[in-house]
Amino acid sequence: MHFRADMHHGDEAHHRQPDVLAAIRQDFANSHEWFARAIVLAFAALAGASVVGFTWLCEIASRLFTTWRVDWPWLPFLLTPSICAVLVWCTTRFFPGASGSGIPQVMVALNETVDATQRKRFVSLRLAVAKIAMCTTALLGGLAIGREGPSVQVAAGVMLHARRWLPRKASIGPQALLVAGGAAGIAAAFNAPLAGIMFGIEELTRRFEARTSGLVISAIVLAGLIAVSVFGNSTYFGVIYVPQLQASFAGPALLVVLGSGLLGGLFSRLLHASLVGGQADRFSRWRASHPVVFAAACGLAIAVVGWASGGSTFGSGYSSTRHLLEGHPDMPVLYVTLRLVATWLALWSGVPGGLFAPSLAIGAGIGADVALLVGWDAQAPALIALGMAGFLAAVTQAPITAFIIVMEMVDGHAMVLSLMAAALGASLLARWLAAPLYGALAAAQLAKLKASSRA
């Protein structure tokens with residue numbers, strides 16, 4: 001009887017409206033917590049500004065490489081291998097935590113078994129500065145890498161540095177700062193705050209603590225607003241024209257989903273085998289024993305692929321994707337294959353760089369190829385957008401993040417359901433072929449960290 005009475009009183013307390021003045025006094029009573037929140041938001045703005053500066057440097061580097069390649073067509077055969085070799089030498093010797101995309105490093109740092117000293121090997125302000133410099137240099141050499149994955153590690157490193165300035169009594173832990181920084185990096189890199197929030201939920205962590213979720217989301221939005229204030233409130237690829245979709249659109253759309261899902265799953269499996277496969281073959285043993293020479297060979301192969309594609313496979317692929325979305329399908333016949341090979345070689349070489357932008361470019365090529373195959377030139381932009389969402393979802397196996405990124409980049413609100421269906425379908429196909437790439441890479445790095453700690 002007493003138990004039921006206690007339950008009854010508990011229910012009344014649960015449903016009772018708060019005392020307004022008491023609630024305000026309670027929120028403002030803890031000055032340490034408000035000071036901590038102000039520091040976090042200040043570092044969120046700094047993280048957004050860092051990614052904006054990173055984007056600006058990468059765009060300058062890409063334009064310089066394009067100008068040099070036009071003036072001196074032979075230059076990539078010297079410049080690209082040299083830059084590959086120098087970057088891998090710097091990475092292996094001074095900044096081992098800066099190699100690759102940067103997203104697996106943030107996922108390792110989020111692991112609860114990693115202590116503060118080990119966390120600095122994967123995410124720090126020092127690594128953020130190195131990542132910016134080396135990714136910019138990679139694009140100066142025409143490597144087929146993206147800046148969005150590295151932006152996650154850069155922004156996370158800036159946000160984690162806020163830990164030094166927080167009061168000891170603050171309830172904001174390093175995990176919350178890492179999630180906020182990583183997601184803020186996506187928001188600022190794509191000028192898409194909603195995609196940043198979803199990336200933090202879907203890829204970096206499966207839950208938010210109730211005490212810090214509002215602050216984390218505020219930090220992500222603030223970083224996105226910094227990008228909007230610099231680049232303007234406009235989509236990266238403009239607004240695509242989508243005519244009213246007919247029932248006959250389902251066939252070509254299904255071809256795009258199947259092509260992007262299968263190819264994305266195979267590409268993810270290839271990257272996993274190349275980056276984590278150990279020394280099962282001659283090339284992997286060569287990569288392990290002579291990483292600098294191997295990187296130079298990859299750079300030379302990238303230059304050859306770029307020459308064979310007429311220069312369309314150099315760089316991140318944004319210009320090619322924009323070219324296709326604007327209705328110019330005059331790309332090389334084997335553009336998708338050549339772009340995929342160039343991206344694989346760049347990531348396999350070990351240089352710092354991501355695969356978001358190259359994945360969008362490959363997916364755009366798949367959509368354009370299907371549009372040409374079925375003769376749907378009028379609806380090519382819609383198929384291209386579906387290919388972008390499908391291939392990115394297949395590679396990352398983060399379908400909600402993928403379709404939101406594409407929707408915000410092309411202002412594709414008129415085809416939200418189509419983009420969502422393409423991302424979910426392609427991701428399902430990819431799951432049958434490969435394990436989630438970022439999770440597998442993070443697990444491999446975490447296992448290596450534990451082995452070195454035991455040794």
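**Burial, contacts and surface**

Mentor: Buried residues make up 53% of the 455 residues in the chain, where buried means under 20% relative accessible area, exposed over 50%, and partly exposed in between (1.4 Å probe, protein chains only). This is a predicted model, in which local features need pLDDT of at least 70, side-chain atom pairs count only at pLDDT 80 or more, and totals for chains, interfaces and linings use all residues. Residues are numbered from 1 along each chain as its sequence is written, and side-chain values use heavy atoms, with hydrogens and water left out.

Trainee: How many helices and strands does the chain have?

Mentor: There are 21 helices and zero strands, counted as DSSP runs numbered from the N terminus (helices H or I, at least four residues; strands E, at least two).

Trainee: What makes the pairing of the T313 and S309 side chains a polar contact?

Mentor: The distance between these side chains is 3.0 Å. A polar contact is a pair of N or O atoms within 3.5 Å; within protein, one must be able to donate a hydrogen and the other to accept it, and residues adjacent in sequence count only if both atoms are side-chain atoms. The pair of T313 and S309 is therefore listed as a polar contact. Not counting residues up to four places away in sequence, T313 also touches A144, V305, G306, L338, R339 and A342, contact meaning heavy atoms within 4.5 Å.

Trainee: How do you know whether V304 is buried, partly exposed or exposed?

Mentor: V304, found in helix α14, has a relative accessible area of 39%.

Trainee: Which residues make the nonpolar surface patch?

Mentor: W72, W74, F77, L78, L300, V304 and W307 make this patch of about 760 Å². α14 gives the most to the patch, with three residues.

Trainee: Where does Q397 lie, and why is it called buried or exposed?

Mentor: Q397 lies in the loop between α18 (380-396) and α19 (399-410). Its relative accessibility is 7%, so Q397 counts as buried. Q397 also has a positive phi of about 55° although it is not a glycine.

Conventions:
Patches are made of residues with over 30% relative accessible area and no salt bridge: like charges are joined within 9 Å, nonpolar side chains (Val, Leu, Ile, Met, Phe, Trp, Tyr) within 5 Å. Accessible areas come from the Shrake-Rupley method with a 1.4 Å probe; for residues, only the protein chains shown count as cover. A salt bridge is a side-chain nitrogen of Lys or Arg within 4 Å of a carboxyl oxygen of Asp or Glu.
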